[in-house]
Amino acid sequence: MRVKLTLLAVLFIFSTLFGGAAMAQDMQEVTILYWQASSILNPYLSGGTKDIDASAIVLEPLANWSPDGSLNLLLATEIPTLENGGISEDLTSITWNLRDDILWSDGSPFTADDVVFTWEYCTHPEAGCVQGDEFVGVVSVEAMGMHQVTVTFDAPKPNPFRPFVSHIQPILQKAQFGECLGAEMSACSEQNFAPIGTGPFVVEDFRPNDVVTYVRNENYRDADMGKPHFDRVVFKGGGDAESAARAVLETGEADYAWNLQISPAVLDSMEAAGNGQVVVAYGQAIETIWINGTDPSPDSPNRSVWMEDGSNPHPFLKNMTIRQAMSMAIDTNIIAEQLYGRSGRATCNFINSPASNVSMNNTCDQDIAGANALLDEAGIVDSNGDGIREYDGHEIRVQYQTSTNAVRQNTQALIKQWWGQIGIETELRNIDAGVFFGGDPASPDTYQKFFSDVEMYTTGSASPDMESLLSNNRCGQAPRPDNNWTGSNIIRFCNADYDAALDELSSTAGAEARAAIIIRLNDILVQEYALIPLVYRSSASSAYANSLGGVDINGWDSEMWNIEDWHRLDM
Amino acid sequence: MGKYIVRRLLTAIPTILVISFIIFAILELSPSDPTGNLPLTIPPEVRAKIREALGADDPFVVKYVKWLNQFFIAEPLNFIETVTNITFPGSEERTRVISWATRGPVIDIIAERLPQTLWVVGSSYILGVLIAIPVGIYSAYRQYSIFDQVGTFLMMVGFSVPTFFTGLMFIIIFSVNLKWFPSVYDTTLVVTDIETLQLQLRQMIMPVTVLTLYTTAQMSRYTRASTLENLQQDFIRTARSKGLTERVVVSRHVVRNSLIPVVTLIALGIPGIFAGALITEQIFRVNGIGQYLIIAIQGGDLPTVQTVTFIFAVLVVLFNIVADVLYGILDPRVTYT
């Protein structure tokens with residue numbers, strides 16, 4: 001009797017466990033995995049990709065960027081240009097004509113007031129708005145009627161497509177966020193957890209740092225075209241990249257997994273299961289070796305401090321021949337192929353996108369013999385027989401620092417070996433990413449302080465316009481004690497031609513003319529060997545199920561930029 | 001006994017205050033920065049403004065007193081208000097403990113997460129104890145039998161293999177290859193009928209098993225050791241020589257006495273349930289208290305880390321008292337005055 005009962009109980013447990021396996025799916029649902037969970041749905045309060053992407057499903061800017069770096073209209077009727085009068089002749093203002101048929105998800109109409117409000121919201125003096133930098137130089141944002149808005153800048157802006165463009169600065173609804181100005185910004189958790197948007201979905205439930213569920217926005221502008229195709233989105237966070245990839249590629253529990261920074265070999269073997277595929281998107285992210293323009297030696301009183309009169313140069317890296325030889329010794333192809341796999345390509349340029357910006361003037365094939373010859377010719381030889389060359393009485397020993405990360409340490413090892421072959425000794429150092437990028441002015445180990453001869457990290461640009469990225473290296477913007485080590489010119493670069501070209505760029509409109517200047521700027525940096533570009537890294541790498549259609553991964557905007565087009569394929 | 005409890009509770013108050021201060025000081029001294037995880041493209045001026053808006057650069061004492069006020073005055077009042085619907089004066093001005101990452105009240109998130117932590121970690125704890133005690137007793141009673149040998153081996157495995165390994169192994173076997181159980185825990189699932197109960201059981205089975213293995217291993221070792229000790233006592237020999245049956249000897253005399261230290265151990269382990277199982281929650285995406293704490297630490301979210309760690313500290317102090325009191329009740333030799 002007892003045995004029978006136990007058996008029955010076991011049977012019951014098993015039947016309950018497996019009985020529910022075949023559940024009817026009448027709702028079309030898409031499951032997205034982000035291994036960093038979203039904490040807030042307001043991109044003005046958080047700069048994390050996880051938060052921007054989660055809010056991009058609901059909130060929309062006037063226009064966003066397509067994967068090829070071109071503009072894609074969302075809430076405006078046309079792209080403002082000089083020709084159609086949208087951009088003023090003096091380049092100081094841009095006028096957007098808004099669509100008059102857009103409704104917020106609560107049914108109220110979207111107007112120019114909402115755009116103006118969004119600017120006021122972010123630029124309020126007490127706000128602490130994360131995207132504040134996007135509005136720098138904006139004097140006013142004015143509504144010129146219900147459906148027209150003009151943004152005025154304090155100086156000519158040849159590239160005015162920054163405010164309200166891309167998912168990092170979408171439009172907020174004035175009616176909802178009106179009370180949340182300034183210091184109240186953080187107190188509005190109800191609004192920040194469920195913003196009303198114009199996008200394809202509406203927040204149904206938000207659990208901070210865990211999961212967001214969305215349902216279809218019935219008032220979406222393309223609802224009559226059947227968009228969005230899904231009824232429900234589950235945006236689940238937590239875990240790690242590897243298990244997220246597994247859930248899409250192997251178990252098929254999720255449809256999309258974000259940012260899979262895992263070993264290419266592991267990813268390949270998961271992809272072989274045949275449930276889905278891995279895609280990468282390229283924006284502007286370059287793994288670069290940065291060369292210190294100042295003297296970082298520990299006994300120097302002005303360690304890595306840039307001086308206006310150029311009086312604190314690096315003892316041997318000031319010599320261009322040495323920098324050139326260091327660059328020639330590196331085989332970027334091996335680094336890209338062996339260490340980055342599908343997530344990176346070898347490059348000789350600092351600027352690699354959009355296509356029109358890419359310089360054709362640089363080559364960077366490895367040439368160790370040539371590098372040795374170059375140094376010998378310049379008289380930079382090893383005179384004391386210790387295997388290390390000397391320059392000006394200094395042994396050429398470089399300290400090479402980067403953040404702690406397996407791929408970076410492998411890159412370091414390869415480069416150390418190559419530099420050894422040209423008589424340069426390298427001491428490797430790696431620093432915890434939190435400290436290295438942390439920017440704590442009290443720490444000696446930040447990338448800004450640069451207490452090292454060379455360092456390596458990736459820099460990039462969030463928008464396809466390269467002006468702000470290139471402006472980082474303007475003379476005089478070096479991190480120094482008097483600016484609390486916050487400057488952007490990490491390499492302490494100072495070049496009159498470069499600055500002149502930057503000035504020209506800031507007053508030139510028109511994509512073609514700008515591209516020519518950008519190429520010139522790139523060539524100065526690369527041909528002066530002020531930095532050594534190594535790998536053009538994909539800025540996004542995600543996996544999606546074979547049954548998911550419409551995915552078009554984007555390196556210039558949120559990966560969720562076209563979620564309204566995602567649909568289920570018949571398998 | 002009542003006097004003893006009151007005294008212990010009263011002495012706990014300064015202890016708790018000191019703990020809260022120490023936690024706060026450690027966090028303050030650590031180099032974490034709430035804007036540290038922002039993209040590199042965000043300039044330092046903007047970062048400084050964000051820190052200012054958060055109050056992250058306020059002096060230590062200001063921050064600490066603010067937190068004390070929020071945690072010990074504002075939060076309890078707010079709780080009473082929501083439960084009873086009575087509004088106290090000054091309700092508008094009171095600020096609750098607000099997370100720097102989510103800009104929402106920390107306590108609400110903890111409350112939201114408690115169910116999944118209790119479901120998964122709590123049930124594994126109960127299950128672990130239920131398995132461990134009989135296994136431990138039987139192993140000791142039949143010391144060096146095959147059951148004991150196999151049990152000891154399995155328990156050693158459970159004790160020494162980390163949960164991140166067993167968890168991963170379970171996922172690969174049961175999710176990837178057999179496709180029996182989901183590897184992603186759905187925290188939005190609400191159990192309303194048989195079907196959702198099935199789903200809930202299916203998604204709980206792997207994390208619970210992983211944790212149970214660990215708890216069982218730990219508890220059964222203690223039970224076994226304690227039982228072995230008692231089996232050799234004189235009063236057991238006396239009981240046997242009185243002619244009592246083995247059943248009575250074991251259940252009345254051995255087990256009862258052996259469980260005294262085990263019960264204490266169980267009570268001391270309870271705060272651990274609330275703290276969640278950091279690693280297991282991460283592996284299966286259970287997203288309970290443990291995962292919340294980890295994210296907060298990574299993000300330099302000081303109010304959250306402070307509050308969660310502090311609640312944990314309070315539970316440890318409280319359950320220490322509970323364990324001591326239980327000890328007194330179970331063991332007549334121990335008296336408190």
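This talk goes through a predicted model with chains A and B, starting with chain B and ending with some backbone details in chain A.

Two notes on conventions. Residues are numbered from 1 along each chain as its sequence is written, and chains are lettered from A, with ligands numbered from 1, in the order in which they are written. Because the model is predicted, local features need pLDDT of at least 70 and side-chain atom pairs count only at pLDDT 80 or more, while totals for chains, interfaces and linings use all residues.

Confidence, then. pLDDT is the predictor's confidence in each residue, on a scale from 0 to 100. For chain B the mean pLDDT is 87, and 99% of its residues reach 70 or more. The model has an ipTM of 0.84 and a pTM of 0.82.

On to chain B itself. It has 12 helices and 0 strands; here helices are DSSP runs of H or I with at least four residues, strands are runs of E with at least two, and both are numbered from the N terminus. The C-alpha atoms of chain B fill a box of roughly 80 × 60 × 40 Å along the principal axes.

One helix pair in chain B is worth a look. Helix α9(B), residues 246-275, packs against helix α12(B), residues 302-330, at an angle of about 165° with the axes 9 Å apart. The axes are lines fitted to C-alpha atoms, for helices over the stretch in contact, and angles run from 0 to 180 degrees between N-to-C directions. α9(B) and α12(B) are therefore roughly antiparallel, a label for angles over 145 degrees; under 35 is roughly parallel, 65 to 115 roughly perpendicular, and the rest oblique. Residues in this contact include B:I260, B:V263 and B:F274 of α9(B), and B:F312, B:F319 and B:Y327 of α12(B). Being in contact requires C-beta atoms, placed from the backbone, within 7 Å. The α9(B)–α12(B) contact divides into 17 nonpolar residues, 2 polar and no charged. Nonpolar covers Ala, Val, Leu, Ile, Met, Phe, Trp, Tyr, Cys and Pro; charged covers Asp, Glu, Lys and Arg; the others, Gly among them, are polar.

Next, where the chains meet. The contact takes 45 residues from chain B and 47 residues from chain A. On the chain B side, the largest share, 7 residues, comes from α2(B). That side of chain B divides into 23 nonpolar, 13 polar and 9 charged residues.

Now chain A. Three of its strands form an open antiparallel sheet in the order β4-β6-β5, where pairing needs at least two DSSP bridges between two strands. β4(A), residues 93-97, and β5(A), residues 138-143, stand at the edges with a single partner strand each, so one side of each has no neighbour in the sheet. The twist averages 15° from one strand to the next. β5(A) is joined to β6(A), residues 148-153, by 5 bridges, and A:V138 stands opposite A:F153 in β6(A). Helix α3(A), residues 112-123, packs on the sheet and touches β5(A) and β6(A).

Last, the backbone. Most residues other than glycine have a negative phi, and most peptide bonds are trans. The bond from A:K227 to A:P228 is cis, with omega near -10°, and A:P228 lies in the loop between β8 and β9 of chain A. Another cis bond joins A:S353 and A:P354, with omega about -15°. A:N484 has a positive phi, near 60°, and sits in the loop between α13 and α14 of chain A.

How values were computed. Contact = placed C-beta atoms within 7 Å.
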